[in-house]
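Subject: Structure handover

Hello,

Here is the structure I promised to pass on. Please open it first, then read my notes below.

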Amino acid sequence: MTPTTKKVTFAFAIFILAGILLLAAYTWLSLSFSYSEGERAGYLQKFSKRGWICKTWEGELLLTALPGTIPEKFQFSVRDEMVAKQLSAAAGKHILVSYSQHKGVPTQCFGETEYYADKVVLSP
């Protein structure tokens with residue numbers, strides 16, 4: 001190898017490493033800071049662990065609507081295993097889900113939606 005080839009190879013390796021570090025930092029920032037937070041109440045219609053490579057917990061809440069109107073669906077992801085266990089036990093029941101919204105998460109390995117359930121409370 002010539003000295004010029006070594007320099008180019010080293011520069012390329014630094015460039016790739018810098019790209020990986022920037023992507024990791026961006027992912028950490030997008031998951032650490034939430035765009036919004038709130039609560040939604042409704043019936044847990046669907047909850048499953050899915051994905052080809054990255055298995056994530058995904059749920060669907062049928063929001064309580066006024067009589068005679070079409071109910072709205074709220075889709076969310078779960079990253080905490082304890083919350084996932086609570087939701088699995090609450091299938092078909094009326095629940096209150098506390099969530100945080102994280103915009104711009106670069107991959108679906110953290111969840112298929114931008115809404116992440118943080119806490120679940122069963123309605124009486």
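Start at Ser 98. Leaving aside residues up to four places away in sequence, Ser 98 touches Gly 38, Glu 39, Tyr 116, Ala 117, Asp 118 and Lys 119. Ser 98 is part of strand 4. Is Ser 98 buried or exposed? Its relative accessibility is 15%, so Ser 98 counts as buried; the cut-off for buried is under 20%. Keep in mind that this is a predicted model.

Now the sheet around it.

Strand 4 covers residues 94–101, and strand 5 covers residues 115–122. The two pair in the antiparallel sense, over seven bridges. Find Gln 101 and look across: opposite stands Tyr 115 in strand 5. Next, step back to the whole sheet. Five strands close into a barrel, in the order 1-2-3-5-4, and the pairing is mixed. On average, neighbouring strands of this sheet are turned by 55° against each other, with direction ignored.

Then the aromatic rings.

A pair of aromatic rings is described by the distance of the centres and the angle of the planes. How many aromatic pairs are there in the whole structure? A search finds six. One of them joins Trp 28 and Phe 33. Their ring centres are 6.5 Å apart and their planes stand at 80°, so this pair is edge-to-face. An angle over 60 degrees is what that label needs. Trp 28 is exposed, and Phe 33 is exposed as well.

Phe 47 and Trp 57 form a stacked pair. Here the figures are 5.0 Å from centre to centre and 5° between the planes. This pair links distant parts of the chain, 10 residues apart. Phe 47 sits in strand 1 (residues 36–50), and Trp 57 sits in strand 2 (residues 56–63). Both Phe 47 and Trp 57 are buried.

There is also one aromatic cluster made of Phe 74, Phe 76, Tyr 99 and Tyr 115.

Last, two charges over rings. Lys 103 lies over the face of Tyr 35, at 5.0 Å from the ring centre. Arg 79 lies over the face of Tyr 116, at 5.9 Å from the ring centre.

Best wishes

Notes:
Residues are numbered from 1 along each chain as its sequence is written. This is a predicted model: local features need pLDDT of at least 70, side-chain atom pairs count only at pLDDT 80 or more; totals for chains, interfaces and linings use all residues. Side-chain values use heavy atoms; hydrogens and water are left out. Rings of Phe, Tyr and Trp (its six-membered ring) pair if their centres lie within 6.5 Å; planes under 30 degrees apart count as stacked, over 60 as edge-to-face and the rest as tilted. Buried means under 20% relative accessible area, exposed over 50%, partly exposed in between (1.4 Å probe, protein chains only). Helices (H or I, at least four residues) and strands (E, at least two) are DSSP runs, numbered from the N terminus. A charge sits over a ring if NZ of Lys or CZ of Arg is within 6 Å of the ring centre and within 35 degrees of the ring normal. Two strands pair if DSSP finds at least two bridges between them. Axes are lines fitted to C-alpha atoms, for helices over the stretch in contact, and angles run from 0 to 180 degrees between N-to-C directions. Contact means heavy atoms within 4.5 Å.
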